[in-house]
Amino acid sequence: MEPFVYRPVDDPLFGAVGIELDHEAGTLFVNGGGLRPVEIRRAPGTALESHVPIGTRDPERLTLVISGAEETLRPAKGFLTRRSYRVEVVSAARGCGYLLVPDSLGTSRLLRDGRLLGVFTSTGDGRVSAEWTAERDSRRALEPYDASVGYALAAGFGTGAEPMWKLSLNAVLELWP
C-alpha cells in the first residue's frame, strides 16, 4: 500500500497543513502552516491493527517527536467507552498536557491542561479538519504547537467513537458463538 499524501488541509488559523500517513510503514508526518513539524513512528515488527491509522495503540511501540524533541505519547487501549479511545501527550518541552478525546461518533475534542482548544474530525485515512474554539490572540491563546499536536493525534488515531451502549453490545456479540 502506498503512503497517503494529501492536498494540504486549509486550516482557518494556520493555513496549509500537510499530512502524510503511511499505515503499512507506521509513519505519520505533519508540517506546514507555520506548525511545528511532528512525526509519529510505530516500532518495526509491531503487529498491525487495521482499525488504527498509525497501526497500534500500544504506547511502548510508538514514538512522538515534535520539533525534534521526543514527547510522551499515551494512547488508551480503546474498548468499551468513548473515553477509552483517548490519546494523551505529555509535553516536557512545553510543561503541559494534551488530551484528544472522542465526544461524538465522528469528532474528538483537543484539550490543553483541561482547556478546550478545538474539535477535530478524521475518518482515519489521513484527512483531518479542525474547528477551533480558542482564538490565536485570546486569553486561551492557541499556538502552532497546539495545532501540530491536534492534527498529528487526529490523523494518527482517528476521531470519534461509538456510544458506550453500542460498544458494549458489539463486545458481547463478538463473544456470542
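# Legends for close-up views

**View A. D113 sits in the loop that runs between strand 10 (107-112) and strand 11 (115-122).** The model shown here and in the other views is predicted. D113 is not a glycine, yet its phi is positive, at about 50 degrees. Is the residue buried or exposed? D113 has a relative accessible area of 53%. The cut-off for exposed is over 50%, so D113 counts as exposed.

**View B. S67 lies in the loop between strand 6 (62-66) and strand 7 (69-75).** Strand 6 and strand 7 make a hairpin, with two residues between them. S67 belongs to that turn, and its phi is positive, about 50 degrees. S67 is a residue other than glycine.

**View C. Strand 7 pairs with strand 6 and with strand 8.** Strand 6 and strand 7 run antiparallel and are joined by three bridges. Across this pairing, L64 stands opposite E71 of strand 7. Strand 7 and strand 8 (residues 87-91) also run antiparallel. How many bridges join strand 7 to strand 8? There are four. T72 has V90, in strand 8, as its bridge partner.

**View D. F14 and W132 form an aromatic pair.** The structure holds five aromatic pairs. In this one, the ring centres of F14 and W132 are 6.1 Å apart. Their planes meet at 80 degrees, so the pair is edge-to-face. Where in the chain do the two residues lie? F14 is in the loop between strand 2 (9-11) and strand 3 (15-22). W132 is in strand 12 (residues 128-132). The pair thus links distant parts of the chain, 118 residues apart. F14 has a relative accessible area of 6% and is buried. W132 is buried too, with a relative accessible area of 11%.

**View E. Ring pairs join four residues into a cluster.** Which residues take part? They are F14, F120, W132 and Y151. The edge-to-face pair of F14 and W132 is described in View D.

**View F. Helix 1 spans residues 144-157.** The helix has 14 residues. From its first C-alpha to its last, helix 1 reaches 20 Å. That is close to the 20 Å expected at 1.5 Å a residue. Is helix 1 mostly covered or mostly open? Helix 1 is mostly covered, with 14 of its 14 residues buried. G158 follows the helix and has a positive phi, near 75 degrees.

**View G. R94 lies over the face of Y145.** How far is R94 from the ring centre? The distance is 4.9 Å.

**View H. The whole protein puts the close-ups in context.** Its elements comprise two helices and 12 strands. From the N terminus, the order is β-β-β-β-β-β-β-β-β-β-β-β-α-α. The protein has 177 residues, and 44% of them count as buried. Among contacts with a separation of 6 or more, 43% come from residues 24 or more positions apart. The accessible surface is about 9100 Å². Carbon and sulfur atoms supply 53% of that surface.

Key. Residues are numbered from 1 along each chain as its sequence is written. This is a predicted model: local features need pLDDT of at least 70, side-chain atom pairs count only at pLDDT 80 or more; totals for chains, interfaces and linings use all residues. Side-chain values use heavy atoms; hydrogens and water are left out. Buried means under 20% relative accessible area, exposed over 50%, partly exposed in between (1.4 Å probe, protein chains only). Two strands pair if DSSP finds at least two bridges between them. Contact means heavy atoms within 4.5 Å. Accessible areas come from the Shrake-Rupley method with a 1.4 Å probe; for residues, only the protein chains shown count as cover. The expected span of a helix is 1.5 Å times one less than its number of residues. Rings of Phe, Tyr and Trp (its six-membered ring) pair if their centres lie within 6.5 Å; planes under 30 degrees apart count as stacked, over 60 as edge-to-face and the rest as tilted. A charge sits over a ring if NZ of Lys or CZ of Arg is within 6 Å of the ring centre and within 35 degrees of the ring normal.
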